[in-house]
Structure formats: C-alpha cells, structure tokens
Amino acid sequence: MKVTKEIILDLLPIYLAGEASQATCALVEEYLAADPELAQSVRSQQADSSLRMDLPELPPELELKSLHRTRHLLSWQRWLFGLGMGFSAVALSSEISFREGRIREFHFLIRDYPEVLGTCLMLGLSCWIAYFLIRRRLHTAPKSS
C-alpha cells in the first residue's frame with residue numbers, strides 16, 4: 001500500500017500531540033524524510049506546539065471546584081428566578097370589578113397598599129438584577145478561531 005500525503009496529513013495531529021504509536025511515528029518520519037517541504041512545516045509546528053506546552057499545569061482539584069461553584073451559582077439562579085417572578089407578580093397584581101358582564105373598575109393593588117407592594121416591587125427588582133448578574137457570570141463566550 002502506498003502512503004499518500006493526505007494520509008500523513010491526517011496522522012500529523014496525532015503525531016504532533018505525541019499520542020501516535022511507534023509504528024505510526026515511524027511511518028510519518030519515513031515520509032517526512034522523503035518530503036523536505038512537509039518536514040520543514042512539521043518542524044515549525046512542533047516548535048509552536050512546544051511553546052504552547054510550556055504553560056503551567058492546573059491543579060487537579062480545580063475542575064471539581066469549578067463544578068461545585070457552577071452548581072452553587074445555578075442553584076442561586078433558580079431561586080432568584082422564582083423569587084423574582086413571585087415578588088413581581090405580587091407587586092403587579094390588580095383588582096378587576098365586574099358589573100352586568102362589563103368591567104366596572106380596574107386598578108393595580110399598589111394603589112391601595114403602597115408600602116407592602118412597593119417593598120415587593122423592590123425585592124422583585126433586586127432578585128431580577130441578581131439573577132441577570134449570575135446569568136452573565138455563568139455565560140461563556142464562544143471561542144473564536
């Protein structure tokens with residue numbers, strides 16, 4: 001079987017990552033010996049990848065801490081959503097009076113109970129602000145290439 005350049009190009013990511021078997025490494029190196037242009041390209045990629053590999057390793061428990069923090073924030077987000085909905089609904093509740101099949105009067109209850117419903121409105125607004133701050137914190141931007 002003749003090994004083509006396309007096959008070698010398919011194997012290069014594994015080879016450059018150091019995850020290829022000995023047989024695959026031998027095959028790629030044999031092909032690179034016959035193709036100096038591709039060999040130069042691979043050497044430059046290895047140099048670039050070695051520069052990227054010099055980054056410090058993250059502690060192994062960091063992933064678990066991140067998971068716990070994210071779960072905690074999601075729990076807060078759910079609570080704030082529910083409380084925000086509840087306080088907003090109470091603050092914006094209304095009274096409708098009917099007489100003979102027609103609406104006689106409509107008004108928001110905040111007119112009759114301004115202190116209580118004003119407090120509910122402020123609590124609801126606070127919950128919504130906290131909800132959207134947590135939502136923004138949890139949001140990750142898409143990676144650009």
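Is Trp-79 buried or exposed? In this predicted model, Trp-79 counts as exposed because its relative accessibility is 59%, and the cut-off for exposed is over 50%. The residue sits in helix H4, which covers residues 62-91.

The protein chain has 5 helices and 2 strands. Read along the sequence, these elements come in the pattern α-α-α-α-β-β-α. The C-alpha atoms fill a box of roughly 95 × 40 × 20 Å along the principal axes. The radius of gyration of the chain is 32 Å, whereas a compact globule of 145 residues would have one near 15 Å. Of the 145 residues, 18% count as buried.

Next come the two strands. Strand S1 spans residues 94-99 and strand S2 spans residues 102-108; the two run antiparallel and are joined by 6 bridges. One example of such pairing is Phe-98, whose bridge partner in S2 is Ile-103. The hairpin of S1 and S2 has 2 residues between the strands, and in this hairpin Glu-100 takes a positive phi near 55°. In a regular strand, side chains alternate between the two faces of the sheet.

The strands also contribute to the surface. A nonpolar patch there is formed by Leu-92, Ile-96, Phe-98, Ile-103, Phe-106, Phe-108, Ile-110 and Leu-121, and together these residues have about 780 Å² of accessible area. At least two residues of the patch come from each of S1 and S2. The largest share, 3 residues, is supplied by S2. Leu-121 belongs to the patch but lies in helix H5. With a relative accessibility of 36%, Leu-121 counts as partly exposed, because that class runs between the limits of 20% and 50%.

Two members of the patch, Phe-106 and Phe-108, bring us to the aromatic rings. A pair of aromatic rings is described by the distance of the centres and the angle of the planes. The structure holds 6 aromatic pairs. One of them joins Phe-106 and Phe-108, with 5.6 Å from centre to centre and 70° between the planes, and is edge-to-face. Phe-106 has a relative accessibility of 47%, so this residue is classed as partly exposed. Phe-108 is also classed as partly exposed, because its value is 41%.

Why is the pair of Trp-128 and Tyr-131 called edge-to-face? The ring centres of Trp-128 and Tyr-131 lie 5.7 Å apart and the planes meet at 85°, so the pair has that label; the angle needed is over 60 degrees. Both residues lie in helix H5, residues 114-138, and are 3 residues apart, about one turn of the helix. Tyr-131 is buried because its relative accessible area is 13%, and the limit for buried is under 20%. Ring pairs also link Trp-128 and Tyr-131 with Phe-81 and Phe-132 in a cluster.

The accessibility values can now be set side by side.

Terms used. Residues are numbered from 1 along each chain as its sequence is written. This is a predicted model: local features need pLDDT of at least 70, side-chain atom pairs count only at pLDDT 80 or more; totals for chains, interfaces and linings use all residues. Side-chain values use heavy atoms; hydrogens and water are left out. Rings of Phe, Tyr and Trp (its six-membered ring) pair if their centres lie within 6.5 Å; planes under 30 degrees apart count as stacked, over 60 as edge-to-face and the rest as tilted. Buried means under 20% relative accessible area, exposed over 50%, partly exposed in between (1.4 Å probe, protein chains only). Helices (H or I, at least four residues) and strands (E, at least two) are DSSP runs, numbered from the N terminus. Two strands pair if DSSP finds at least two bridges between them. Patches are made of residues with over 30% relative accessible area and no salt bridge: like charges are joined within 9 Å, nonpolar side chains (Val, Leu, Ile, Met, Phe, Trp, Tyr) within 5 Å. Accessible areas come from the Shrake-Rupley method with a 1.4 Å probe; for residues, only the protein chains shown count as cover. A salt bridge is a side-chain nitrogen of Lys or Arg within 4 Å of a carboxyl oxygen of Asp or Glu. The radius of gyration is taken over C-alpha atoms; the globule rule is 2.2 Å times the number of residues to the power 0.38.
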